[in-house]
Amino acid sequence: MDKYSDYYYKIIEKYKLFHKNGIKNMSGSDTFLGYSLTKWIVKIKEIIEKSNSNSLIDFGCGKAFLYNNRLKIEHEEFKNLSDYWEIQNIYLYDPGVKEFSNYPKKKYDGVICTDVIEHIPESDVENFIDKLFKISNKFVFFVIATIPASKYFDDGTNIHICLKTQNEWNKIFQNFKIKYPEIDQHIYFNN
């Protein structure tokens, strides 16, 4: 695994503290549960089916709430997200959560990364994205915020430390389309 900047690792340490102690008016147990995935789960299921994928990594899964709890989708109940997607081989990774902090050691068919990339330092973001392509066999699914977050670090810095316009992100991903033509890109933005 290539190294990132010192700032990247400082940010990871801050997220470990957020997960443990909470942020603003939120307890640690309620911080970064992984809810940002919720509005995308039906779309991801379509991509899984279309690509005939059998394995996934949720890269930046937070506390993985949806993978450990029942959910109701279109009047049907499922025991968890794995049940809904009909995929048992799901690897959960989040460096801020101890139980999910082991970096994936192999490739998976799909890589899901929602509400993460904008939290990566500017100097590391392209290297970070490149690594996600390298651990995918079939597709990447990214949701990226293009506006500031409602949360801040203790020093007053917004936690979305890498804000770019949709056009700027599209240019970056165009380069990855050339570099990894075999990997389908599904890029969405929270504006």
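Student: Which residue stands opposite Val140 in β7?

Tutor: Two strands pair if DSSP finds at least two bridges between them. Strands (E, at least two residues) and helices (H or I, at least four) are DSSP runs, numbered from the N terminus. Here, Val140 stands opposite Gln185 of β7. The chain gets from β6 to β7 by way of α5, and this β-α-β crossover is right-handed; that is, with the strands pointing away from the viewer, the path from the first strand over the helix to the second runs clockwise. β6 and β7 pair in the parallel sense, over 7 bridges.

Student: What kind of model is this, and how are its residues numbered?

Tutor: The model is predicted: local features need pLDDT of at least 70 and side-chain atom pairs count only at pLDDT 80 or more, while totals for chains, interfaces and linings use all residues. Residues are numbered from 1 along each chain as its sequence is written, and side-chain values use heavy atoms, with hydrogens and water left out.

Student: In what order do the strands of the sheet lie?

Tutor: The order is β4-β1-β5-β6-β7, an open sheet of 5 strands with parallel pairing. β4 (89-93) and β7 each have a single partner strand and stand at the edges, so one side of each has no neighbour in the sheet. From one strand to the next, the twist averages 15°; such angles run from 0 to 180 degrees between N-to-C directions, with axes as lines fitted to C-alpha atoms, for helices over the stretch in contact.

Student: Is β1 buried or exposed?

Tutor: Buried means under 20% relative accessible area, exposed over 50%, and partly exposed in between (1.4 Å probe, protein chains only). In β1, 5 of the 5 residues are buried, so this strand is largely enclosed by the rest of the structure. In a regular strand the side chains alternate between the two faces of the sheet. Ser55, Ile57 and Phe59 are on one side of β1, Leu56 and Asp58 on the other, and both faces are covered.

Student: Which strands does helix α2 lie across?

Tutor: α2 (residues 41-51) lies across β1, β5, β6 and β7, at about 165° to β6. α4 also packs on the sheet and touches β1, β5, β6 and β7, with its direction at about 145° to that of β6. Contact here means heavy atoms within 4.5 Å.

Student: What does Lys45 touch?

Tutor: Lys45 lies in α2 and is buried, with a relative accessible area of 13%. Leaving out residues up to four places away in sequence, Lys45 touches Tyr84, Trp85 and Glu86. The side chains of Lys45 and Glu86 make a polar contact at 3.1 Å (a pair of N or O atoms within 3.5 Å; within protein, one must be able to donate a hydrogen and the other to accept it, and residues adjacent in sequence count only if both atoms are side-chain atoms).

Student: Which residues of the largest nonpolar core touch the most other members?

Tutor: A nonpolar core is a set of buried Ala, Val, Leu, Ile, Met, Phe, Trp, Tyr and Cys residues joined through side-chain atoms within 4.5 Å. The largest has 31 residues, and Ile117, Phe128, Ile129, Phe142, Trp169 and Phe173 touch the most other members. α4 gives the most to this core, with 5 residues. Apart from it lies another core of 26 residues, including Trp40 and Tyr67.
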